[in-house]
Amino acid sequence: MNEHAIKLFPFFDNGITQVGWVVENLEESVERFYRNTGIGPWHFYDYGPDLLTRMRRNGEDTVFNMSTAVANAGLLRLEMIQPLYGDMVYQQYIDRHGFGGVQHFGIAVKDMASSLEIVRNLGINIAMEGEGY
């Protein structure tokens, strides 16, 4: 990465730390992945109105719910997401590409608020947000 990019995006210095994909059935997908790779243990979480105090989609308040499972493969975190309801980027991905493909790569940031501010100041849309967990 060149110096200009580092100045624009200082939070990329840790590289990619997460790979996430959208699945139709979370429990079956985790079981199949574990059986085929041995990667685990997997930890399951539900993100929705019971946990999140703020949910936004393209800057507008909304309500959504999803189940996720995460596991570590060395330094890389793997995440599977099963959308349950609501307007979210995961449903948009499914509508365009179907289930199973890589939907996102994640990066670890030191300060979420300042990282989001950098992105917003560059005119990049924050497609989905959730806070409060």
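**Exercises: a ring cluster and its sheet**

W21, F33 and W42 form a cluster linked by ring pairs. The model is predicted.

**Exercise 1.** Classify the ring pair of W21 and F33.

*Solution.* Start with the ring centres of W21 and F33: they are 5.6 Å apart. Pairing requires centres within 6.5 Å. Next, take the planes, which stand at 45°. Stacked needs under 30 degrees, edge-to-face over 60, and the rest are tilted. So the W21 and F33 pair is tilted. Now place the two residues: W21 sits in strand 1 and F33 in helix 2, twelve residues apart.

**Exercise 2.** Classify the ring pair of F33 and W42.

*Solution.* The centres of these rings lie 5.7 Å apart. Their planes meet at 85°, so the F33 and W42 pair is edge-to-face.

**Exercise 3.** Decide for W21, F33 and W42: buried or partly exposed?

*Solution.* Buried means under 20% relative accessible area. W21 has 12%, so W21 is buried. W42 has 11%, so W42 is buried. F33 has 22%, so F33 is partly exposed.

**Exercise 4.** Find the order of the strands in the open sheet, then its edges.

*Solution.* The five strands run in the order 2-5-6-1-7, with mixed pairing. Strand 2 (43–47) and strand 7 (102–107) are the edges, since each pairs on one side only. Inside the sheet, strand 1 (residues 16–22) pairs with strand 6 (residues 76–86) in the parallel sense, over five bridges. There, V19 faces L78 of strand 6.

**Exercise 5.** Which strands does helix 2 lie across?

*Solution.* Helix 2 (residues 26–37) lies across strands 1, 2, 5 and 6. Its direction is at about 160° to strand 6.

Methods. Residues are numbered from 1 along each chain as its sequence is written. This is a predicted model: local features need pLDDT of at least 70, side-chain atom pairs count only at pLDDT 80 or more; totals for chains, interfaces and linings use all residues. Side-chain values use heavy atoms; hydrogens and water are left out. Two strands pair if DSSP finds at least two bridges between them. Helices (H or I, at least four residues) and strands (E, at least two) are DSSP runs, numbered from the N terminus. Contact means heavy atoms within 4.5 Å. Axes are lines fitted to C-alpha atoms, for helices over the stretch in contact, and angles run from 0 to 180 degrees between N-to-C directions. Rings of Phe, Tyr and Trp (its six-membered ring) pair if their centres lie within 6.5 Å; planes under 30 degrees apart count as stacked, over 60 as edge-to-face and the rest as tilted. Buried means under 20% relative accessible area, exposed over 50%, partly exposed in between (1.4 Å probe, protein chains only).
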